[in-house]
Amino acid sequence: MAGSANRGLQPVLGPATQLGFVVRDLDAAVRHWIEVLGIGPFLFLEEGTGRPPNPSYFRGEEVRVEIRLAFGFIGNVQLELIQQVNDAPSPYLEFLAAGREGLQHLGYWVHDHAEACRRVEAAGYARELVIPIPGQDEPIIYYHAPAVVGPMLEIVPKRWRKAREAVGERLEAWSGGDPLVRYDSYADFL
């Protein structure tokens, strides 16, 4: 019955294409997904987006957030596991400090970045973290959800979709063996 009632609804941002999990121990989290849940392989990035990290802006203040990352897929939905390894202010550390670990954000690769940002801001979402992408005009933006909603939203520009596709293609090409496809950083992978 619920399915028939929702036939006319269309997600404002399109389908969520990523589930972002913040974890305290990336190695343990990836082992759990692989060994307990049978999900993998994972692209494992020891230095996340690189060291030193490029500047981001958390609530308007410049920060340099160092992370480790792992990406996998459940069907067409990308899993992103994030472990922050420095003490720079960020939504990741706040999530952990609040005693949480697990699903922290829903990621959307949108077709119209400006329109997506306008819509979520009009709905009461507040910009928390802005991650400029070198060579691109539109940043990745994390939005804090209104109190009645759960995870943050991550709005990813359309041009960044190629990187997501490259991760998917690399993991689809996995032929067995170690389920962790390792690179030092996202930049090294790309």
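A nonpolar core here is a set of buried Ala, Val, Leu, Ile, Met, Phe, Trp, Tyr and Cys residues joined through side-chain atoms within 4.5 Å, where buried means under 20% relative accessible area. Keep in mind that this is a predicted model.

The largest such core has 29 residues, and the members touching the most others are Leu43, Tyr92, Trp160, Val167 and Tyr186. E5 gives the most, with four residues.

Leaving aside residues up to four places away in sequence, Val167 touches Leu43, Phe71, Phe73, Gln78, Tyr186 and Phe189.

Which of its residues are buried? They are Leu26, Ala29, Val30 and Trp33. These four sit on the same side of H2, because they cover an arc of only 95° around the axis. Look to the other side of H2 and you'll find Glu35 and Val36 exposed. As for what the buried residues pack against, the partners are strands E1 (18-22), E2, E5, E6 (77-84) and E11 (180-183).

Both ends of this helix deserve a look. At the start of H2, a side-chain oxygen of Asp25 comes to within 3.1 Å of the backbone nitrogen of Asp27. After H2 comes Gly38, with a positive phi near 70°.

Terms used
Residues numbered from 1 in each chain as written. Predicted model: local features only at pLDDT ≥ 70, side-chain atom pairs only at ≥ 80, totals over all residues. Heavy atoms only, no water. Buried < 20%, exposed > 50% of the residue type's maximum accessible area, 1.4 Å probe, protein only. Helix = DSSP H or I, 4+ residues; strand = E, 2+ residues; numbered from the N terminus. Contact = heavy atoms within 4.5 Å. Arc of directions from axis to C-beta. Polar contact = N/O pair within 3.5 Å; in protein donor to acceptor, adjacent residues only side chain to side chain.
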